[in-house]
Amino acid sequence: MKFALSHRHKRILIIASTRSRRRAIFLLGGVVVGAAAAVLAQLADWAQLLFADLLGHSRYIPFVVTPLGFLLSVYLTNRFFQNAQGSGIPQAIAARRLTDQTARAKLVSLRIAIGKFLLTLFGLLVGASVGREGPTVQIGASIMFALGRFSPRRQPGLILAGASAGVAAAFNTPLAGIIFGIEEMSRSFETRSSTLIIAAVVAAGLTSIALLGNYTYFGTSAMGLRGGIDWLAIPACGIVGGAAGGLFIRCVVAAGGSAAFNRRPLIVALLCGLAVAICGFVSGDTIYGTGYSQVKTALESGTALPEDFGVLKFLATTLSSVSGLPGGIFSPSLAVGAGLGSNVAALFPATPIAAIMLLGMVAYFSGVVQAPITAFVIVIEMTDNHAMVIPLMATALIAYATSRLIAEEGIYHALARRFVQPEHLAK
């Protein structure tokens with residue numbers, strides 16, 4: 001009996017030790033992800049300021065810098081950081097689907113995280129229409145994957161936690177980070193991992209706040225719809241944004257599966273960079289980078305964006321995505337949506353334009369990712385506008401249904417398929 005009790009006590013200690021180590025890994029990972037997100041956010045702002053300084057010298061500089069920058073970024077990605085291209089969220093989703101650790105390491109690793117970090121900054125430095133939030137997801141998943149080697153049986157949960165923490169820290173939107181993990185990354189609710197994922201999100205969020213301060217990504221917007229004819233803007237934005245989001249999916253997926261694009265990646269990157277420079281010149285230099293400053297100013301001042309902003313930002317973001325350089329589509333998609341919302345607002349002159357731009361942001365983003373809950377939650381948290389909850393929810397659902405008529409699945413899951421193919425992982 002004495003031996004049995006001793007054995008039982010040892011087993012309890014082992015279980016307790018394992019659980020404590022698991023919790024420590026999630027918390028430590030959350031802190032590291034939060035710090036990485038904060039540093040990337042600060043450096044991304046500086047990169048865009050440096051590009052703006054170049055534009056200050058001459059508006060024609062992007063015709064040289066942007067195409068050559070695209071070419072160099074794609075070359076470095078293909079040569080040294082394979083699987084770091086694009087947003088990075090499809091790679092994180094694919095890594096969760098895989099069971100082989102070696103295969104996972106080809107999609108989420110510290111080497112890829114470093115490449116993603118540096119090349120995302122480089123893309124912003126040369127004027128690409130990309131964001132830093134998607135890359136933060138892959139970086140977060142890679143950090144957690146590295147730490148997960150101390151707890152190999154929890155890899156899928158760790159990757160999910162890293163991705164969720166990345167979204168939370170990048171936007172300062174903890175609730176959206178959790179919803180993103182459930183709705184987009186896992187497409188299910190994992191009870192066993194939920195508390196640890198929340199712990200990682202909290203740790204990442206607190207670290208980001210400690211380094212950057214507490215803020216709302218797009219400032220605050222108290223505008224709302226007053227009723228009556230104002231509510232017709234909901235289906236209008238939902239249909240326009242959803243259709244545009246579905247078109248974006250079809251374009252990017254078709255280009256990625258094109259043999260012509262894959263045979264000549266550097267030439268494609270060069271031509272895409274040149275086309276982005278043309279879009280930038282025509283737009284009056286407004287569509288480069290994330291689009292964050294333009295949208296934040298328009299929302300806070302309640303003024304319209306340029307008429308061609310939404311269309312040109314859509315083209316620049318599509319071209320940047322199909323080029324193969326590392327960079328996300330979160331912020332650019334929200335900027336496209338704001339531009340489309342500004343266009344729709346011309347049909348409703350008596351309605352607050354900021355409110356319709358919010359509807360456009362949710363609509364286009366929901367159309368692109370086909371994750372309506374994530375779409376409206378993230379916009380609510382980024383603008384601190386709870387008066388728009390019901391309109392944003394309705395718009396997200398309409399946009400989701402519209403996008404599904406054009407594309408069968410959201411951009412991230414559509415792109416994730418190619419990362420789990422044996423021929424891709426064999427490279």
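Contact means heavy atoms within 4.5 Å. The model is predicted.

Q: Which residues does Ile-411 touch, not counting residues up to four places away in sequence?
A: Ile-411 touches Phe-248, Ile-249, Val-252, Val-253, Ile-329, Val-368 and Val-369.

Q: Which residues have the most contacts inside the largest nonpolar core?
A: They are Ile-378, Leu-392 and Ile-411, in a core of 117 residues. Helix α16 (residues 353-369) gives the most to this core, with 13 residues.

Q: Why is Cys-237 called buried?
A: Buried means under 20% relative accessible area. Cys-237 has 2% relative accessibility, so Cys-237 counts as buried.

Q: What makes Cys-272 buried?
A: The cut-off is again under 20%. Cys-272 stands at 6% relative accessibility, and therefore counts as buried.

Q: How many disulfides does the structure hold?
A: The structure holds 0 disulfides. A disulfide would need a pair of cysteine sulfur atoms within 2.5 Å.

Q: Why are α2 and α5 called roughly antiparallel?
A: Helix α2 (residues 62-80) and helix α5 (residues 110-125) pack at an angle of about 175°. Angles over 145 degrees count as roughly antiparallel. The two helices, α2 and α5, are therefore roughly antiparallel to each other. Their axes lie 11 Å apart.

Q: Which residues of α2 and α5 meet?
A: From α2 come Gly-69, Leu-72, Ser-73, Leu-76, Thr-77 and Phe-80. From α5 come Arg-111, Leu-119 and Phe-122. By class, this contact of α2 with α5 has 5 nonpolar, 3 polar and 1 charged residues.

Methods. Residues are numbered from 1 along each chain as its sequence is written. This is a predicted model: local features need pLDDT of at least 70, side-chain atom pairs count only at pLDDT 80 or more; totals for chains, interfaces and linings use all residues. Side-chain values use heavy atoms; hydrogens and water are left out. Buried means under 20% relative accessible area, exposed over 50%, partly exposed in between (1.4 Å probe, protein chains only). A nonpolar core is a set of buried Ala, Val, Leu, Ile, Met, Phe, Trp, Tyr and Cys residues joined through side-chain atoms within 4.5 Å. Helices (H or I, at least four residues) and strands (E, at least two) are DSSP runs, numbered from the N terminus. Axes are lines fitted to C-alpha atoms, for helices over the stretch in contact, and angles run from 0 to 180 degrees between N-to-C directions. Angles under 35 degrees count as roughly parallel, over 145 as roughly antiparallel, 65 to 115 as roughly perpendicular and the rest as oblique. Ala, Val, Leu, Ile, Met, Phe, Trp, Tyr, Cys and Pro count as nonpolar, Asp, Glu, Lys and Arg as charged, and the others, Gly among them, as polar.
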